[in-house]
Amino acid sequence: MTKSDANWHILGAGAIGSLWASYAYKAGRAMPLILKDNESLKQYQTQGGLLFESAAGGAEMLPLPVCIAAQLNQSISHLLVCTKAQHTEAAITAIADKIEDDAYIVLLQNGLGVAEKLRQQFPKARLLQASTTEGAFRKDRFHIVHAGRGETFFGPHRSTQDLSPDEITQLASALSPAPLQVTATENIEKILWRKLAVNCAINPLTVKYRCRNGELLDNPAALQEMATLVDEIVLLSKALGRESWVEKLLEQVHQVAANTALNRSSMLQDIEAGRDTEISFITGYLLKKASSIGIELTVNESLFHQFDK
Ligand code: KPL
């Protein structure tokens, strides 16, 4: 049985992991952040904490509890995973021997496909997935800005069927240090599928055209491709019996691009910084689903292959 004061850890000190760790700390419910390596730990210690800025302005240094895998001296019963999808396997493998067999593991990240891999690694774990629209970004390695409020939903992965309503309520409460609010939903798959669809229709195009999200809307060629990407996703969704999950998808894609007009997508930022991207867990996931039922998604595929170079 989980408890709202259960001993949580957070894996991944990016913007979202740090956001949750910061508000948990402020609420007096410290969730230790597990850092990548010794070098990160040293940098964090030299800085003396995490610099936290809110949209209202004003920065404060928060002495969040942090550790690296080698320093973990207790087992992990509750884990919030905020690493990027492409880094999750390595990050979780580094702490695998500390994760209890039936641990609660909540994945809060872009992209799909990681839960299935984790299920194989942790057959008895209570796996959940979450999706957030909280706006946070990193100004520096340990300096985050909570730029805008959003919503966060979570629910059990389809392979986790034995969670009681009480457990869900307690997990939601533990993951909701004010002002963050995590709401349980029975259809997290739908939310994640829609998020994936939006990411598929925006992120690879921003890489192709090397542009900010909003600039796609002023580029007729990009707009045309965006519409075709959405048509392909709708076709696949229909074939999977998920037609109702993608209603008014193109409208939402345009809305997201307009709302985030001045942002560089996470994928473009990764490409510009020479880092590997989430493409295998975004368009790659979509293409695998499509090929498993014999459907070809030509435009999604051609954008996927621009990352081969
Ligand atoms: O979620 C995004 C990202 O940058 O990853 C956006 C661009 C807002 C939607 O695809």
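**Aromatic pairs and the strands around them**

At 3% relative accessibility, Phe142 counts as buried. Buried here means under 20% relative accessible area, exposed means over 50%, and partly exposed is in between, with a 1.4 Å probe and protein chains only.

Some ground rules. This is a predicted model, where local features need pLDDT of at least 70, side-chain atom pairs count only at pLDDT 80 or more, and totals for chains, interfaces and linings use all residues. Residues are numbered from 1 along each chain as its sequence is written, and side-chain values use heavy atoms, with hydrogens and water left out.

Now the rings. The structure holds two aromatic pairs. Rings of Phe, Tyr and Trp (its six-membered ring) pair if their centres lie within 6.5 Å; planes under 30 degrees apart are stacked, over 60 edge-to-face, and the rest tilted.

Take Tyr23 and Phe52. Their ring centres are 5.2 Å apart and their planes are at 80°, so this pair is edge-to-face. Tyr23 is in helix α1 (residues 15-26) and Phe52 is in strand β3 (residues 50-54), so the pair ties together parts 29 residues apart in sequence. Helices (H or I, at least four residues) and strands (E, at least two) are DSSP runs, numbered from the N terminus. Tyr23 and Phe52 are both buried.

Next, Tyr44 and Phe142. Their centres are 5.2 Å apart with planes at 80°, so this pair is edge-to-face. Tyr44 sits in helix α2 (residues 38-47), Phe142 in the loop between β9 (135-140) and β10 (143-148), so the pair ties together parts 98 residues apart in sequence. Tyr44, at 5% relative accessibility, counts as buried.

Let's stay on α2. Ser40, Leu41 and Tyr44 are buried there. Down the helix axis, the buried residues of α2 fall within an arc of 100°, so they line one face. That arc is taken from the directions from the helix axis to the C-beta atoms. Why does one face make sense? An α-helix has 3.6 residues a turn, so residues three or four places apart point the same way. Lys42 and Thr46, on the other side of α2, are exposed.

What do the buried residues of α2 pack against? They pack against β2 (33-35), β3, β4 (59-62) and β5 (66-68). Contact means heavy atoms within 4.5 Å. After α2 comes Gly48, with a positive phi near 85°.

On to the strands. Two strands pair if DSSP finds at least two bridges between them. β3 and β4 are antiparallel, over four bridges. Phe52 has Glu60 as its bridge partner in β4. These strands form a hairpin with four residues between them, and Gly57 in the turn has a positive phi of about 100°.

β3 also pairs with β10. That pairing is parallel, with four bridges. Ser54 has His146 as its bridge partner in β10.

β9 and β10 run antiparallel, joined by five bridges. They form a hairpin with two residues between them. Phe137 is bridged to Val145 in β10.

Two charges to look at. Arg126 lies over the face of Tyr104, 4.1 Å from the ring centre. Arg242 lies over the face of Trp193, at 4.7 Å from the ring centre. The test is NZ of Lys or CZ of Arg within 6 Å of the ring centre and within 35 degrees of the ring normal.
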